[in-house]
Amino acid sequence: MPELIKNTLYVMTPGSSIHFDTDAVRIYHPDNGAKRLPLVRIDHVVAFGGVTVTDDFLHRCAADQRSVTWLSGNGRFRACVIGPQGGNPLLRVAQHDALRDQGRRLDIARTIVAGKLHNTRQVLLRAAADAKGIRQQTLRTVAQAITQDLAALPVTDNINVVLGIEGQAAKRYVSTWRHLLTEHSPVAAPTHRISLPPTDPVNAALSFGYGMLRIAVHGALEHVGLDPYIGYLHGIRPSKPALALDMMEELRQLLVDRLVFTAFNRRQLLPQHFTHHPGGACELNDDGRRTYLALWSEARSRTWPHRQFGRDLPAAVLPSSRPGYLPGTSAATHRNTTHGTPPDGIPAHLRR
């Protein structure tokens, strides 16, 4: 049945239907009856596979600019309805201009990759602080190598070189997964990131988490008036929200990977939370999704320091804060926003 988390309504049980009922949402399931929630409490609605959304509810959400997102059972994005879009169209013109200007595109891409590498390094160093022996040594060695990758970013003058640095660091990071999972973990670490479809519990949990993160980032971009499909790091392809994927890169390790590895190490996620299909695909089952969403809610309340705002921000608002500081466009929400990558390659808002 429904889960209301940080003003996002998740409806997961197949066979459920979502209705509009006098300024309230009514979720009905033949076996579990109906439950009503006031619409004023809900900013976003997420429906998983097998959940029906009625026309009258969609019309009301569109009128209120309340997004409705459909996901597959393993959290993969299917579709989204948000209603008429506001915002200044000149902002999107500036976004397109920044893409055509190779110097500005390179500047933005370097900033995104620098943020990703910095946060990856932080996850490894935090894990190393609690590790011993070869685990600690390996985590610190890879973190140092990623530091060198960071130092190489400011002197790059080609987008393909930036992509190469990002890919090299990603391979190094994945090689540490077996050290991020401790001996207490109920599952083994995969050797590769597999997403189409995930074939093991770790990749399945990561894919599900990235689906949750994509909803938050995509919604934040729509909210500030940017086009989620015009990005600077990921290539522009039909039906791919390149800018949303760009913005996710800085947040994956902090908000999803850390949650997933911690949940396995604490045995909060267990093998019985996953379903293995005959074709080899693996996905969270109903109990697993409920467990993950409870952990997701708890993690979203944790605060992180944000230099440009000058204070700590809850993880739940980090996806919304980043688009306002996108270099090279007029999306900056502060007059003194620093455009471009600092000399050491680490964006100011990600330093800590």
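**View 1. Threonine 13 in the loop between strands E2 and E3 of the predicted model.** Threonine 13 counts as buried, at 10% relative accessibility, in a model that is predicted. The loop that holds threonine 13 runs between strand E2 (8–11) and E3. Its side chain makes a polar contact of 3.5 Å with the side chain of arginine 290.

View 2. E5 and strand E4 (residues 24–29) run antiparallel and are joined by six bridges. Arginine 26 has arginine 36, in E5, as its bridge partner.

View 3. Threonine 22 is not a glycine, yet has a positive phi of about 55 degrees. Threonine 22 is placed in the loop between E3 and E4. With a relative accessibility of 64%, threonine 22 counts as exposed, because the cut-off for exposed is over 50%. Arginine 267 is not a glycine either, and has a positive phi of about 60 degrees. The loop that holds arginine 267 lies between H9 and strand E10 (274–276). Arginine 267 is partly exposed, its relative accessible area being 46%.

**View 4. The packing of helix H2 on helix H3.** The axes of H2 and H3 are 5 Å apart, and the two helices pack at an angle of about 95 degrees. H2 and H3 are therefore roughly perpendicular to each other, since angles of 65 to 115 degrees count as such. On the H2 side, the contact is made by Ala94, Asp97, Ala98, Leu99 and Arg100. On the H3 side, Gln102, Arg104, Arg105 and Ile108 take part. By residue class, the contact of H2 with H3 divides into four nonpolar, one polar and four charged residues.

**View 5. Surroundings of arginine 193.** Arginine 193 is found in the loop between helix H6 (177–180) and H7. Arginine 193 is partly exposed, with 31% relative accessible area. Once neighbours within four places in sequence are left aside, the residues in contact with arginine 193 are Val174, Trp177, Asn203, Leu206, Ser207 and Tyr210. Two of these contacts are shown through their side chains. The side chains of arginine 193 and asparagine 203 are joined by a polar contact of 3.0 Å. A polar contact of 2.9 Å links the side chain of arginine 193 to the side chain of serine 207. From C-alpha to C-alpha, arginine 193 and serine 207 are 9.6 Å apart in space, and they are 14 residues apart in sequence.

**View 6. Helix H8 and the helices around it.** Eight of the eight residues of helix H8 (residues 242–249) are buried, so the helix is largely enclosed by the rest of the structure. The buried residues are Ala242, Leu243, Ala244, Leu245, Asp246, Met247, Met248 and Glu249. These residues pack against five helices: helix H2 (89–100), helix H3 (102–129), helix H5 (159–174), helix H7 (201–224) and helix H9 (252–265).

**View 7. Methionine 247 in helix H8.** Methionine 247 is part of helix H8. Its relative accessible area is 2%, and methionine 247 is buried. Methionine 247 and leucine 221 are 26 residues apart in sequence. In space, the C-alpha to C-alpha separation of methionine 247 and leucine 221 is 9.2 Å.

**View 8. The protein chain as a whole, for orientation.** Eleven helices and 13 strands make up the secondary structure of the protein chain. The protein chain has 352 residues, of which 53% count as buried. Among contacts between residues at least 6 apart in sequence, 59% join residues at least 24 apart.

Note on methods
Residues are numbered from 1 along each chain as its sequence is written. This is a predicted model: local features need pLDDT of at least 70, side-chain atom pairs count only at pLDDT 80 or more; totals for chains, interfaces and linings use all residues. Side-chain values use heavy atoms; hydrogens and water are left out. Buried means under 20% relative accessible area, exposed over 50%, partly exposed in between (1.4 Å probe, protein chains only). Helices (H or I, at least four residues) and strands (E, at least two) are DSSP runs, numbered from the N terminus. Contact means heavy atoms within 4.5 Å. Axes are lines fitted to C-alpha atoms, for helices over the stretch in contact, and angles run from 0 to 180 degrees between N-to-C directions. Angles under 35 degrees count as roughly parallel, over 145 as roughly antiparallel, 65 to 115 as roughly perpendicular and the rest as oblique. Ala, Val, Leu, Ile, Met, Phe, Trp, Tyr, Cys and Pro count as nonpolar, Asp, Glu, Lys and Arg as charged, and the others, Gly among them, as polar. Two strands pair if DSSP finds at least two bridges between them. A polar contact is a pair of N or O atoms within 3.5 Å; within protein, one must be able to donate a hydrogen and the other to accept it, and residues adjacent in sequence count only if both atoms are side-chain atoms.
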